[in-house]
Amino acid sequence: MTPIVALLYDFDKTLCTTDMEDYAFIPALGYTPAEFWKKANDFGRENRMDGLLAYMYTMIAECRAQGKDLKRDFLVACGRSMELFPGVREWFQRINAFGEQQGVTIEHYVLSSGLKEIIEGSGIAHHFKQIYACEFYYRDGVACWPKLDVNFTNKTQFVYRINKGVLDVTEHRALNEFMPEEKRRVPFSNMIYVGDGLTDVPSMKLTKLNGGHSIAVWQENEGVSNEMLLEGRVDFAVKADYSKGSEMEKTVFAVIDQIAASAKTAQMHVDACDRAKRTQEEA
């Protein structure tokens with residue numbers, strides 16, 4: 001089988017320039033991002049609530065207070081105003097083509113604490129094999145309850161799902177059953193995790209410790225990714241620029257090339273063992 005290389009991305013401040021709710025959703029409520037996030041974070045702390053559930057509750061509550069329905073179509077439309085980093089829109093096809101040249105299949109995944117509905121409106125959602133992100137349950141077309149909460153630590157669950165090929169979030173038994181490394185669909189060593197900061201550390205660390213690769217991206221005036229590199233939490237720290245010829249492209253190409261070379265060496269070993277076995281049987 002053709003080896004699979006999986007690129008796992010955070011979204012906010014990794015593929016887009018800030019929190020995805022900041023572009024259109026929060027201004028539609030008449031708040032500045034700072035005002036909205038303070039309100040959501042204060043509510044979460046006061047009620048000892050998971051921070052992501054707190055912001056999702058605040059989204060529903062603020063819409064109700066203003067006599068507005070929080071509908072999926074509106075959230076998807078909010079994604080159209082998202083500002084992506086340079087080169088992101090052309091990135092996926094270029095990476096896929098390079099992988100094909102190296103004899104591997106590239107798959108792209110999102111692991112985000114942002115909203116799946118907004119990501120769907122970003123114009124790049126079709127490039128991802130799976131989008132794991134916070135999501136609402138809708139009744140009569142109106143958001144009424146969190147359907148999925150992808151917080152900073154439970155992101156690691158989705159790394160394992162990709163590793164084992166158990167992508168359905170409702171399937172837990174198969175996810176937790178023992179599976180030999182050689183049976184896993186995407187080995188950790190074939191994973192590249194791309195994120196922007198401390199909230200991605202658990203997933204980055206899990207990937208890195210199991211032989212995978214982690215890349216921290218940074219924007220101007222932000223030094224968190226370099227701190228993570230110095231602390232040994234990530235393998236690379238590069239600027240959030242996905243343009244052709246960028247440091248990001250060169251880094252990912254180099255890692256894919258390394259994975260492809262390792263896969264070829266492993267296959268040659270398997271083929272040699274098979275030949276030796278056949279020779280022995282014929283003798």
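Author: Start with pairing: two strands pair if DSSP finds at least two bridges between them. Strands (E, at least two residues) and helices (H or I, at least four) are DSSP runs, numbered from the N terminus. This is a predicted model, where local features need pLDDT of at least 70, side-chain atom pairs count only at pLDDT 80 or more, and totals for chains, interfaces and linings use all residues. Residues are numbered from 1 along each chain as its sequence is written, and side-chain values use heavy atoms, without hydrogens and water.

Reader: What makes strand S5 and strand S6 a pair?

Author: The definition asks for at least two bridges. S5 (residues 191–195) and S6 (residues 213–218) are joined by 4 and run parallel. Ile 192 has His 213 of S6 as its bridge partner. S5 and S6 are therefore paired.

Reader: Why are S4 and S7 called edges?

Author: The open sheet has 7 strands in the order S4-S3-S2-S1-S5-S6-S7, with mixed pairing. S4 (142–148) and S7 (236–239) each have a single partner strand, so one side of each has no neighbour in the sheet.

Reader: What makes the 60 residues a nonpolar core?

Author: A nonpolar core is a set of buried (under 20% relative accessible area, 1.4 Å probe, protein chains only) Ala, Val, Leu, Ile, Met, Phe, Trp, Tyr and Cys residues, joined through side-chain atoms within 4.5 Å. The largest such set has 60 residues. Phe 11, Phe 25, Leu 115 and Phe 136 have the most contacts inside it. Helix H11 (residues 247–282) gives the most, with 7 residues. Another core, of 20 residues, lies apart and includes Tyr 193.

Methods
Buried means under 20% relative accessible area, exposed over 50%, partly exposed in between (1.4 Å probe, protein chains only).
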